[in-house]
Amino acid sequence: MLDCSVTMAWVFPDEATEETARLRDALREGRAFVPSLWPVEVANVLLVATRRGRIAETDWPRIWRNLEALPLTIDPVSTSRIRGPVLEVAHAHGLSVYDATYLELAIRMRLPLATLDRALGDAARAAGLEMPTAT
């Protein structure tokens, strides 16, 4: 289970760490899950990075191709759970609904959650999840 912050560290070298590189290497032998919100968050990060001059709009197709080549499975039901379980997780852990979408999926699938977001990492640990990336 990966959140957007980890996958964006693979797009922007200045955000990469040894941990994010290790996680990417681990994908060579497995799959990771992301909620259906993930492509929306990726698109927003790319848009903001373009507005800030970090990347050009012409970089978008290459970045998407690279991300789509990763062995990621997008959970098809994540957004349908927002009105119930996701909102409850957000409230219980003091998270945004966006972050709670990742946490709810990790809890539901009983998977470790890799994140660079400190609040999400703290909530995942509080929920008893394994954390393969230090936050």
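**Close-up views of a predicted model**

View 1. The structure holds zero aromatic pairs.

**View 2. The largest nonpolar core.** Welcome to the core, a group of 38 residues. Leu2, Trp38, Leu67, Tyr102, Leu103 and Leu113 have the most contacts inside it. At least two residues of this core come from each of α1 (4-11), β1 (32-35), α3 (38-51), α4 (60-68), α5 (82-93), α6 (97-109) and α7 (118-126). In soluble globular proteins, nonpolar side chains tend to be buried together.

**View 3. Leu67 and its contacts.** Here we pick out Leu67, one of the core residues with the most contacts inside the core. Beyond its neighbours within four places in sequence, Leu67 is in contact with Thr7, Met8, Val11, Trp38, Val42 and Leu72.

**View 4. Thr20 in helix α2.** Look for Thr20 in the helix that spans residues 18-26. Thr20 has a relative accessible area of 0%, so this residue counts as buried. A polar atom of its side chain lies 2.8 Å from the backbone nitrogen of Thr17. Setting aside residues up to four places away in sequence, Thr20 touches Val6, Ala9, Trp10 and Leu116.

**View 5. Pro71 in a loop.** Pro71 belongs to the loop between α4 and β2 (72-75). Its relative accessible area is 19%, and buried means under 20%, so Pro71 is buried. Leaving out residues up to four places away in sequence, Pro71 touches Leu27, Gly30, Arg31 and Ala32. Leu46 is 25 residues from Pro71 along the chain, and their C-alpha atoms are separated by 20 Å.

Notes. Residues numbered from 1 in each chain as written. Predicted model: local features only at pLDDT ≥ 70, side-chain atom pairs only at ≥ 80, totals over all residues. Heavy atoms only, no water. Helix = DSSP H or I, 4+ residues; strand = E, 2+ residues; numbered from the N terminus. Buried < 20%, exposed > 50% of the residue type's maximum accessible area, 1.4 Å probe, protein only. Polar contact = N/O pair within 3.5 Å; in protein donor to acceptor, adjacent residues only side chain to side chain. Contact = heavy atoms within 4.5 Å. Core = buried A, V, L, I, M, F, W, Y, C linked by side-chain atoms within 4.5 Å. Phe/Tyr/Trp six-rings, centres within 6.5 Å; stacked < 30°, edge-to-face > 60°.
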